[in-house]
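I opened my notebook to go through this structure step by step.

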Amino acid sequence: MPVQVQGEVLSIRKVGAYNAMTVVAPGMAELTRPGHFVAVQVGGPESSMLLRRAFAIYDVKERGVYGGTVEFIFAVHGKGTAWLAARRPQDKLDLVGPLGKPFRLPAQPVTATLVGGGYGSAPLLPLATALRERGCRVDFVLGAGSADRLFGQLDAKRIASSIEVTTDDGSLGHRGRVSDVLPQLLDRTGAEVVYACGPMAMLKAVSEQAAARDLPCQVAVEESMACGIGVCMTCVLPVVGDDGLTRLVRSCVEGPVFLGDRVRWNDIGSLPPDVVGSLNAAGGGH
Amino acid sequence: MSELTLRPAGDITPMPGIDMTTRLASVTFPNPVFTASGCAAAGQELDQFFDVAELGGIVTKSIMMAPRSGRATPRMAETPSGMLNSIGLQGPGIDAFLDKDLSWLSHRGARAVVSIAGGTVDDYAKLTAKLRGRPGLAMIEVNISCPNVEDRGQVFACDPHASAAVIQAVKRAAPTGVPVFAKLSPDVTDIVSIAQACVGAGADGLSLINTLLGMVIDTDTLRPALAGVTGGLSGPAIRPVAVRCVWQVRQALPDVPILGMGGIRTGLDALEFVLAGANAVSVGTTVFGDPRAPVRVLDELARALADRGFERFEDAIGLAHKPPVIHVPEGPDPVGDEPTPNEHRPVSFEGEA
Ligand SMILES: Cc1cc2nc3c(=O)[nH]c(=O)nc-3n(C[C@H](O)[C@H](O)[C@H](O)COP(=O)(O)OP(=O)(O)OC[C@H]3O[C@@H](n4cnc5c(N)ncnc54)[C@H](O)[C@@H]3O)c2cc1C
Ligand SMILES: Cc1cc2nc3c(=O)[nH]c(=O)nc-3n(C[C@H](O)[C@H](O)[C@H](O)COP(=O)(O)O)c2cc1C
Ligand code: FES
């Protein structure tokens, strides 16, 4: 169950192109699992920005000198994240979390490949730690546009058995995409499960490569969200259910983690006629 | 240093001494703060943040006969002090709604205001008939901001005859003792004439207002931001429009109960609607940024009333329509008491009527 907390910024620091923000938010850490996200109010009480911004939770501490903390990694994208980047220690911050369904952990000590794109590695690092604690082998693939947009390579190196890095511009590691190196890595390590978080196009490619090898693959998606708590229906995407039927499901409460082979990647942003209750173009109302 | 705000139900205590009850037609609600349709689903999710039975009522997402996917994404765009949405009435259909959602609300002790939506007059009548004998049903809100498939997709709420036809059909099918509220669209030339048509057709009250049709264009993709091209604008950006609608309808129909909404963010915003003539209010979009907003608004409204010397919520309804109350002490008694030295006499100035 999520909580709403009047938190306080403990620290904010630059990590390459990103910001790492730690907030004192008592009561949230103990509820958080890898893959959960937090929704942050931006702009202050009189803000003209009404909607919360969602961020994957990177690290939590249940208690410390300052009480429980939550840390997330964010890129400045628009007005809300620009405001957030200008916060300073002791500023107040209203958080709701932990939200969503976290990654599911395997019951056996399997070999896992974790694929992160950009800040998408943030929730994968605590996941990797949890997998290692269960005796899993963990291999990482981290990709980004450029070296400064990679996050957590050092942590990943420490936790994982191996790490491969790709950048679009070749500024670090292999020049290209994670999907260029993933197939060989899956085959070489004998991966049994795949986890991924990053841009939608990357998640689609990873899901397909995992499916081609019959590997279970969990992906954390990023859909535009108005409420983050399941009441508004803005964050939906087409997902095939256990009954074989496709529904538009809320990524904030039924996700953000989905099975990669259940998401109809090519139909995101459209309305396939076989979706349950599919609305033909003439329908309306809001 | 940091203050933990967990869910605990009942930690918001209405101001002692203030009677917050309000009557909407035949039903008395314990307080005047409701959720808004489409902004609270059917209450389960918000119950994680506060006890949904503490509100006046939970207005559920407009439900249709059949399960419905809604529109493609993107479905929302944030706008200055507001947002645009184009959900397309996604929902499970009335049968699943009754089994899962309404029964849950009833179990939970909440007062459910069920919002219904259809494409034909007959849809509305059938939906209403399905609500008969359902425990927990306190009120029906009829969302008539839907395209009439029998009239080239013309929105019911934009035509007084079509609006009246829907309300008449719903009233015929409605269980006795359950008020029927027509929810009006502000996107009309004269909202009063639609309100009058609905009341003439038997509406027990009016919900004001639904969203305003708007549009955002993404300057990076050079295309409309929403897949549905246009969407409904909500949030504080529309509040003055909503207050004006409540005011006009209250003036024309002094005795018809009004559920007011549109951009309510604080107790003072709610008070504005009440003073304009609302008998109760719904908190919609604000919930997305603050899931506890409805109970907070209730608490702030009670305090705002207490600060202004009210003892009963209902005494504030429509008060802005009354002539201004001028707090001048009464003049000397005609029988002839001497005014005490520090008492002021009413002063008039040149040119005053
Ligand atoms: C589950 C989830 C986890 C996320 N995790 C991270 C993270 O760990 N680090 C990080 O940097 N970003 C993350 N994002 C994306 C982040 O929420 C957006 O970058 C941010 O909301 C942009 O806000 P803005 O005001 O700067 O941009 P604006 O473009 O001004 O925002 C306008 C509106 O659009 C929404 N929006 C815009 N871009 C996105 C987006 N990419 N995803 C969702 N909503 C968007 C905003 O929430 C806001 O309501 C995540 C998104 C989701 C849904
Ligand atoms: C995402 C969203 C979905 C909505 N869905 C419905 C709906 O299903 N039926 C309805 O009558 N109104 C719907 N509305 C309108 C609200 O109930 C309300 O009338 C309007 O948003 C103005 O109030 P607000 O500014 O407090 O949100 C919706 C509004 C939003 C933002
Ligand atoms: S963001 Fe509102 S339902 Fe998911």
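**Entry 1: overall size.** I began with chain A. A compact globule of 286 residues would have a radius of gyration near 19 Å, and chain A has 19 Å, so the two agree. The radius is taken over C-alpha atoms, and the globule rule is 2.2 Å times the number of residues to the power 0.38. I also looked up the spans of the C-alpha trace of chain A along its principal axes: about 55 × 50 × 40 Å.

**Entry 2: ground rules.** This is a predicted model, where local features need pLDDT of at least 70, side-chain atom pairs count only at pLDDT 80 or more, and totals for chains, interfaces and linings use all residues. Residues are numbered from 1 along each chain as its sequence is written, while chains are lettered from A and ligands numbered from 1 in the order in which they are written.

**Entry 3: elements and burial.** I found five helices and 15 strands in chain A. These are DSSP runs, numbered from the N terminus: helices are H or I with at least four residues, strands are E with at least two. Next I checked burial. Of the 286 residues in chain A, 52% are buried (20 or more other C-beta atoms within 10 Å of the residue's own, with C-beta atoms placed from the backbone).

**Entry 4: domains of chain A.** The assignment gives domain 1 (3-99), domain 2 (103-222) and domain 3 (225-286). Such bounds come from an automatic or database domain assignment. The C-alpha centres of domain 1 and domain 2 of chain A lie 24 Å apart. Each of these two domains of chain A gives 14 residues to their contact (C-beta atoms, placed from the backbone, within 7 Å). On the side of domain 1 of chain A that touches domain 2, β4 (53-61) and β5 (69-74) of chain A each give two or more residues.

**Entry 5: chain B against chain A.** I turned to the contact between the chains. Chain B puts in 51 residues and chain A 45 residues. Chain B's side divides into 24 nonpolar, 20 polar and seven charged residues. Ala, Val, Leu, Ile, Met, Phe, Trp, Tyr, Cys and Pro count as nonpolar, Asp, Glu, Lys and Arg as charged, and the others, Gly among them, as polar.

**Entry 6: ligand 2.** Where does ligand 2 lie? I found ligand 2 between chains A and B. It is surrounded by 27 residues, the closest including B:Gly38 and B:Ser62 (a residue is near if its C-beta atom, placed from the backbone, lies within 6 Å). The shell has nine nonpolar, 16 polar and two charged residues.

Note on methods: A residue is buried if 20 or more other C-beta atoms lie within 10 Å of its own, exposed if 12 or fewer, and partly exposed in between; C-beta atoms are placed from the backbone.
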